[in-house]
Amino acid sequence: MSRTALHNDVPERIHPEDGDEECPICHSKRYLRRDMRFLINPECYHRMCESCIDRIFSHGPAPCPVAGCGKTLRRHRFRAPTFQDLQLEREVDIRKRVSQVFNKQEDDFDTLLDYNNYLNDVEDITHNLIHNIEVDAMEQRLREYEAANRQAITENSKRSNQGMRDEKRRLASEKEQARLRQQSAASEAQAYKAERDAARRNVISQLATGRGDADTIARRGQTVLKKSKALREQYERRPEPVDTGFQVKGLKKTVKAGPVNPYDPFDGLTAKHEYGIVHDNYRWQPLEQAKKDRRIMAGGYDIDEYCSRMLTDLYVGFGVFVGEDEDVATAGAGMAAMTDTVMTDVS
Amino acid sequence: MRFFIDNLEVLFPYPRIYPEQYDYMCDLKRTLDMDGGKAVLEMPSGTGKTVTLLSLIVAYIQQNPAKRKLIYCSRTMSEIEKALAELKALMKYRKQELGYEEEFRGLGLTSRKNLCLNSSVKREKSGAIVDARCRALTAGFVKEKKERGEDVDLCIYHENLDPLEPDNLIPNGIWTLDDLLQYGEQHKQCPYFTARRMMPFCNVIIYSYHYLLDPKIAERVSKDFPKDCIVVFDEAHNIDNVCIESLSIDITEDSLRRATRGANNLERRIEEMKSTDAEKLQNEYQKLVEGLREAEEAREEDAFIANPVLPDDLLSEAVPGNIRRAEHFVSFLKRFIEYLKTRMKVLHVISETPVSFLAHLRELTFIERKPLRFCAERLTSLIRTLELTSIEDLHPLQEVATFATLVATYDKGFVLILEPFETDTATVPNPIFHFACLDAAIAIKPVFDRFGSVIITSGTISPLDMYPRMLDFNALVQESYPMTLARKSFLPLIVTRGSDQGTLSSSFQIRNDPSVVRNYGDLLVEFCRLTPDGVVVFFPSYLYMESIVSMWQGMGILDSIWKHKLILVETPDAQETALALEAFRSACNNGRGAVLLSVARGKVSEGIDFDHNYGRTVICIGVPFQYTESRILKARLEFLRETYRIRENDFLSFDAMRHAAQCLGRVLRGKDDYGVMVLADRRFQKKRAQLPKWINQALLDSETNLSVDQAVSQAKHFLKNMAKPFPPEFQYGISTWSLEDLKAYQAKLEEEEIRMLEGEVGPEAVGPNRVVDEFDDIDEEALMALDP
Ligand code: SF4
Ligand SMILES: [Zn+2]
Ligand SMILES: [Zn+2]
């Protein structure tokens with residue numbers, strides 16, 4: 001994260017509306033140079049023209065030329081602003097940073113109220129950051145939260161990225177389908193017209209060549225036209241085109257139970273040692289020997305297995321687990337308490 | 001006259017009734033009897049539709065113990081006033097007949113602008129300002145302030161209402177808008193709030209479409225009406241456009257600038273309040289934690305802003321946490337506005353769906369969909385908390401908030417179109433961001449869902465089945481009534497060729513062809529010569545009218561018209577047009593006669609009647625197609641095709657024909673009226689079947705596909721006939737029925753029904769003195785198609 005170093009002494013107003021017309025550094029005007037482009041640097045959000053940037057920063061970092069700023073800027077960090085209002089440009093950068101950390105979603109919460117309170121708290125932090133209120137404290141909170149929830153954050157961002165991709169794909173395919181439908185409608189209309197014209201020409205040419213009775217020819221022409229009319233009506237009654245791209249809409253969003261765990265044949269029964277820690281190595285003569293003894297190892301004897309069995313035997317007797325009542329229970333509570341403190345800390 | 005339909009006694013305030021009125025009543029009753037009955041009914045203009053409707057429905061309401069309410073919607077003030085007057089006359093007649101006065105209330109509602117009595121407020125020109133100033137005088141907290149002894153102004157007309165009984169602010173009876181104003185003046189009580197507050201106690205309410213269809217207003221005014229209301233949309237041929245407009249928003253750079261200013265003002269007010277009255281903000285915050293519904297309860301009868309409807313579940317949900325605090329919300333709004341400003345910078349046309357708009361918005365500014373949906377409601381709540389009555393630039397801010405809510409609520413049936421340039425040739429950008437509703441069904445859906453009976457009716461609403469398709473509902477009754485006439489009192493003509501046999505058409509390829517223009521000119525000159533009094537001409541657009549008139553000027557055609565008639569022109573400016581109309585009327589009245597050149601989609605074609613001598617001939621020059629290059633129209637066409645399977649051409653031609661029919665209907669406002677209707681375009685020939693039944697039926701084959709000289713001789717003949725005196729007695733028994741005629745007809749029907757039940761006669765024999773000729777549309781079209 002390179003942007004964490006946002007300083008809290010950003011000038012109050014950064015060129016409101018008219019900043020696009022004149023460069024504050026070299027005072028060249030857009031009026032004279034149509035192709036003038038203004039860039040900003042997210043260090044201080046001062047706007048300046050491209051040629052100034054070339055001139056000042058091409059030999060490495062230099063202080064910002066705007067009077068009273070003096071922040072050290074690097075050339076490669078200059079970019080074109082998205083918004084005219086640079087205050088907003090900065091705000092959005094902050095929001096981006098905050099939203100990358102606080103990225104919980106509604107279904108992470110038990111109740112809507114909790115979620116809303118969470119949103120409220122996040123917004124408070126953001127608001128303060130934007131308006132330079134207690135920035136250090138806010139940054140501190142942000143960092144703490146990030147450190148405490150690193151795993152959840154990555155998972156959530158993965159999830160939302162996936163969601164966004166799905167959405168994009170769906171949009172694209174919808175667009176494509178609309179285009180296809182339009183095309184087919186147009187071609188149908190054209191076909192109808194062509195057929196009608198052909199029929200009409202046909203009748204006229206028959207009338208012109210003068211073979212057969214005029215009335216019969218006209219009537220025959222009519223039946224052709226009627227047919228095409230029927231065709232057209234058929235179009236109107238045609239059922240909705242069926243989606244080919246397997247796009248089922250309106251489905252409830254499938255609730256993904258957090259990150260997908262790999263398939264677990266033991267259904268949650270862990271092989272992990274619950275009681276005590278199994279070390280890789282025990283300095284004990286017979287074990288060391290056994291490890292080296294080919295006769296033992298060739299049969300597939302597993303030293304770790306042996307150790308863990310021994311440890312289990314140590315803790316478990318007659319179906320009574322030593323210390324389970326205390327340790328396991330308090331461990332869970334401790335976890336909850338930990339997240340709690342983190343959350344309250346945030347708020 | 002009094003008569004029975006089944007067992008419903010109808011009191012009809014005239015001694016004679018038209019046969020189609022009787023049929024109309026029967027169908028109406030059928031609709032009302034059904035649970036959830038929806039009907040589309042087309043009744044020829046000038047046959048007393050309103051009085052028919054009212055007398056049946058009033059009879060129905062009065063006879064049933066359920067006492068259903070009637071909500072009658074019309075388009076313009078004058079139509080509302082007319083309907084109220086009809087209702088008043090009807091109730092007077094009922095009193096006479098029944099011998100006692102019924103307990104029956106009827107009121108009309110229109111904007112404050114029309115109903116305000118406060119001399120300083122009503123002087124304002126714009127309706128929005130009247131509304132705002134009135135609110136400043138009547139809002140709840142203003143009164144509280146007064147009670148606390150602060151020096152604030154109140155409106156005395158509003159205050160005087162408070163001591164009155166809330167359900168009896170005005171005596172029993174029907175009150176037209178004028179009556180209401182007079183009563184208000186006498187008793188010094190505000191007519192607007194009298195009407196608003198009496199609404200729940202009225203049997204009949206007459207107001208404009210918007211109070212029911214515009215979700216921003218409907219929520220406020222029409223929310224509490226019971227389910228079993230009878231809803232009538234009169235003059236509903238344009239209802240789909242009303243629906244669409246009520247949900248569409250246009251945003252300009254200027255409005256965004258003002259919205260920013262509004263947001264800054266809000267910010268300032270929040271700061272102020274924080275230092276003086278932080279408790280209020282905290283209270284609001286607490287309420288918002290609970291949910292909007294709670295906050296809603298504090299809503300006053302007339303809160304500051306009207307909001308688009310939110311789905312019910314949303315209302316009971318809590319406001320998202322990140323816009324709960326006032327300052328967070330304002331910065332949220334500002335961010336959204338800035339984003340829109342950035343979008344406006346783009347220099348090419350963009351058309352996108354709400355979904356992709358939201359995706360882009362989120363990517364750039366981290367604004368999620370959910371808080372966006374709450375935007376409008378949240379703003380209302382904030383403004384209420386801040387006790388603002390009117391601050392500058394609040395209106396554009398509301399607009400943006402409404403836009404936010406709409407765009408986040410609906411993902412189907414809307415499109416966002418950014419047009420950076422006003423015209424294709426312009427070089428200076430003047431961007432407009434259109435948020436266009438494409439689906440008329442969205443706005444009207446709550447009405448269909450909520451109310452038992454909905455009746456959509458107009459003089460020209462053909463083809464009937466188009467409306468249920470566009471508005472997405474099931475019409476149980478669909479009927480179009482022919483006009484029964486003792487003599488043919490209007491002459492529809494389709495003129496396709498000039499006297500030189502050259503084609504007449506306003507189609508794009510040939511519209512500026514001098515020979516076509518000259519032929520149109522000849523047509524107009526001829527008709528001006530032979531028509532007594534008024535002639536009304538409709539062009540498809542202002543642009544075309546301008547170009548054709550200037551060409552006529554060069555050809556000397558205007559000079560020859562000048563010899564016979566005064567020439568007046570409609571302009572987009574309402575006041576100029578009003579002047580032109582006045583001059584037109586006086587010219588017709590003093591016998592010289594005049595010709596009015598107007599536009600088929602303008603004000604004249606929609607709301608002005610040219611009865612009797614004001615309109616003896618109406619000429620439709622060209623088919624009034626919409627301007628198809630409009631991107632919004634294109635998007636709508638595509639939507640209609642994709643969603644309702646309505647083809648582009650069908651819709652365009654339907655739309656053109658309904659406007660043409662509206663124009664034609666302008667001259668015939670009653671059975672004693674007469675007039676010539678000229679459709680001057682080759683393409684009308686094929687579209688004949690799309691005319692309303694009553695016009696199409698009167699259109700004989702010998703009156704179609706005419707050249708100008710043929711048309712002129714037909715019209716001459718017709719007008720000569722019409723000039724003969726025609727005493728009303730001639731109509732008796734044929735196009736107007738006395739009570740005896742009606743009874744005879746009923747008896748006959750009954751007899752036939754019995755015989756039918758006995759299996760002797762087929763169903764065709766019903767309807768003795770009306771011959772309805774049905775065309776075979778297919779053959780018709782095929783024949784036309786053959787015509788090169
Ligand atoms: S209360 Fe009535 S009279 Fe008073 S300002 Fe408002 S609309 Fe006008
Ligand atoms: Zn520069
Ligand atoms: Zn700087």
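Me: What geometry does the site of the zinc ion (ligand 3) have?
Reply: Tetrahedral, with angles of 99 to 117 degrees among its four donor atoms. Four donors count as tetrahedral if all angles lie between 85 and 135 degrees. This is a predicted model: local features need pLDDT of at least 70, side-chain atom pairs count only at pLDDT 80 or more, and totals for chains, interfaces and linings use all residues. Residues are numbered from 1 along each chain as its sequence is written, chains are lettered from A and ligands numbered from 1 in the order in which they are written, and side-chain values use heavy atoms, with hydrogens and water left out.

Me: Which atoms coordinate the zinc ion (ligand 3)?
Reply: A:C44 (SG), A:H46 (ND1), A:C64 (SG) and A:C69 (SG), at 1.9 to 2.4 Å. Donors are N, O and S atoms within 2.8 Å of the metal (3.2 Å for Na, K and Ca); water is not among the atoms, so sites may look incomplete.

Me: How are those donor residues spaced in sequence?
Reply: As C-x1-H-x17-C-x4-C, for the zinc ion (ligand 3).

Me: Is A:C64 buried or exposed?
Reply: Buried, at 5% relative accessibility. Buried means under 20% relative accessible area, exposed over 50%, partly exposed in between (1.4 Å probe, protein chains only). A:C69 is partly exposed, at 22%.

Me: Now the zinc ion (ligand 2). What coordinates it?
Reply: Four SG atoms, from A:C23, A:C26, A:C49 and A:C52, at 2.2 to 2.3 Å. Their spacing along the chain is C-x2-C-x22-C-x2-C.

Me: Why is the arrangement around the zinc ion (ligand 2) called tetrahedral?
Reply: Because its four donor atoms subtend angles of 103 to 117 degrees. The ideal angle for four tetrahedral donors is 109.5 degrees.

Me: And is A:C23 buried or exposed?
Reply: A:C23 is buried, with a relative accessible area of 0%. A:C26 is partly exposed, with 32%.

Me: Which feature does UniProt place at residues 23-66 of chain A?
Reply: The unreviewed entry gives "domain: RING-type" there. UniProt positions are in the numbering used here, feature names are shortened, and annotations may be inferred rather than shown by experiment. Over residues 23-66 the chain is 18% helix and 18% strand. The end C-alpha atoms are 11 Å apart.

Me: Where does A:N202 lie?
Reply: In helix α5 of chain A, residues 150-209. Helices (H or I, at least four residues) and strands (E, at least two) are DSSP runs, numbered from the N terminus. A:N202 is partly exposed, at 42% relative accessibility. Its C-alpha atom is separated by 77 Å from that of A:E43, 159 residues apart along the chain.

Me: What about helix α3 of chain A, how many residues?
Reply: 19 residues, 112-130. Helix α3 reaches 26 Å from its first C-alpha to its last, close to the 27 Å expected at 1.5 Å a residue. The expected span is 1.5 Å times one less than the number of residues. A:N132 follows α3(A), with a positive phi near 60 degrees.

Me: Switching to whole chains. How many helices and strands are in chain A?
Reply: Ten helices and six strands. Buried residues make up 28% of its 347 residues.

Me: And how many in chain B?
Reply: Chain B has 34 helices and 21 strands. Of its 788 residues, 58% count as buried. Its C-alpha trace spans about 85 × 70 × 55 Å along its principal axes.

Technical notes. Tetrahedral: all angles 85-135°; square planar, octahedral: opposite > 155°, others 65-115°.
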